[in-house]
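Trainee: I would like to go through this model by question and answer. Please begin with whatever term is needed for the accessibility values.

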Amino acid sequence: MIDGILHRVRTGVQWRDLPERFGPWKAVYERHRLWSADGTRERLLQQVQAATDAAGEIDWDVSVDSPIVRAHQHAAGARTEPPPAPAPKGGEVAEQQGETPWQSLLARLAEVVQEARAWAARGAGSPANST
């Protein structure tokens with residue numbers, strides 16, 4: 001089971017593509033899922049690391065390489081201030097000049113909910129139509 005889990009982690013193959021020598025793929029998957037959920041996998045890793053470190057077999061030196069990462073050509077000349085708010089469609093004027101698009105959306109959603117409730121209330125009070 002452990003070898004099957006490690007093979008999958010090392011190679012990145014799909015669970016269904018595990019070689020048969022590790023047993024049924026579904027059993028290996030279920031064991032991995034259960035051990036990950038209940039913390040067994042993490043405890044095993046900690047114990048193996050502690051034992052290997054105690055034996056002096058882990059080199060904890062860190063080497064950092066700093067490769068050059070170039071920005072995309074469109075990243076040059078980024079804006080320093082936020083873009084202007086789009087003009088309202090159809091000549092509508094916002095109720096408040098300082099209103100953000102998010103606030104406008106929330107206000108419109110509140111209007112739609114109120115309209116739907118009023119429509120449902122009118123429908124509940126009227127007699128049923130039979131067609």
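Mentor: Buried means under 20% relative accessible area, exposed over 50%, and partly exposed in between (1.4 Å probe, protein chains only). The model is predicted, so local features need pLDDT of at least 70 and side-chain atom pairs 80 or more, while totals for chains, interfaces and linings use all residues. Residues are numbered from 1 along each chain, and side-chain values use heavy atoms, without hydrogens or water.

Trainee: Which pattern does the protein follow along the sequence?

Mentor: Helices (H or I, at least four residues) and strands (E, at least two) are DSSP runs numbered from the N terminus. The protein has four helices and zero strands. Read along the sequence, the pattern is therefore α-α-α-α.

Trainee: What percentage of the residues count as buried?

Mentor: The protein has 131 residues. The share of them that counts as buried is 6%.

Trainee: What share of the contacts with a separation of 6 or more comes from residues 24 or more positions apart?

Mentor: Contact means heavy atoms within 4.5 Å. Among contacts in the protein with a separation of 6 or more, residues 24 or more positions apart account for 21%.

Trainee: How is tyrosine 29 classed, and from what relative accessibility?

Mentor: Tyrosine 29 sits in helix H2. Its relative accessibility is 28%, so it counts as partly exposed. For the class and the value together: partly exposed, 28%.

Trainee: Which residue forms an aromatic pair with tyrosine 29?

Mentor: Rings of Phe, Tyr and Trp (its six-membered ring) pair if their centres lie within 6.5 Å; planes under 30 degrees apart count as stacked, over 60 as edge-to-face and the rest as tilted. One aromatic pair is found in a search of the whole structure. It is edge-to-face, with 5.5 Å from centre to centre and 70 degrees between the planes, and the partner of tyrosine 29 is tryptophan 15.

Trainee: Where does tryptophan 15 lie, and how many residues apart in sequence are the parts that the pair ties together?

Mentor: Tryptophan 15 has 12% relative accessibility and so counts as buried. It lies in the loop between H1 and H2, whereas tyrosine 29 is in helix H2. The pair therefore ties together parts whose separation in sequence is 14 residues.

Trainee: At what angle do H2 and H3 pack?

Mentor: Axes are lines fitted to C-alpha atoms, for helices over the stretch in contact, with angles from 0 to 180 degrees between N-to-C directions. Helix H2 covers residues 25-38 and helix H3 residues 40-54, and their axes are 5 Å apart. His32, Trp35, Ser36 and Asp38 of H2 meet Thr40, Arg41, Arg43 and Leu44 of H3. The packing angle is about 80 degrees.

Trainee: Which residues of H2 make the contact with H1?

Mentor: The axes of H1 and H2 cross at roughly 85 degrees and come within 9 Å. H1 contributes Ile2, Gly4 and Ile5. Leaving aside neighbours within four places in sequence, isoleucine 5 is in contact with Val28, His32 and Trp35. For the whole contact, the residues from H2 are Val28, His32 and Trp35.

Trainee: What separates the C-alpha atoms of aspartate 3 and arginine 21?

Mentor: Aspartate 3 is in helix H1, residues 2-11. Its 52% relative accessibility makes it exposed. Arginine 21 is 18 residues away along the chain, and the C-alpha separation is 9.6 Å.

Trainee: What is the C-alpha separation of glutamate 99 and alanine 85?

Mentor: Glutamate 99 is in the loop between H3 and helix H4 (101-125). With a relative accessible area of 23%, it is partly exposed. Alanine 85 is 14 residues from glutamate 99 along the chain, and their C-alpha atoms are separated by 9.7 Å.
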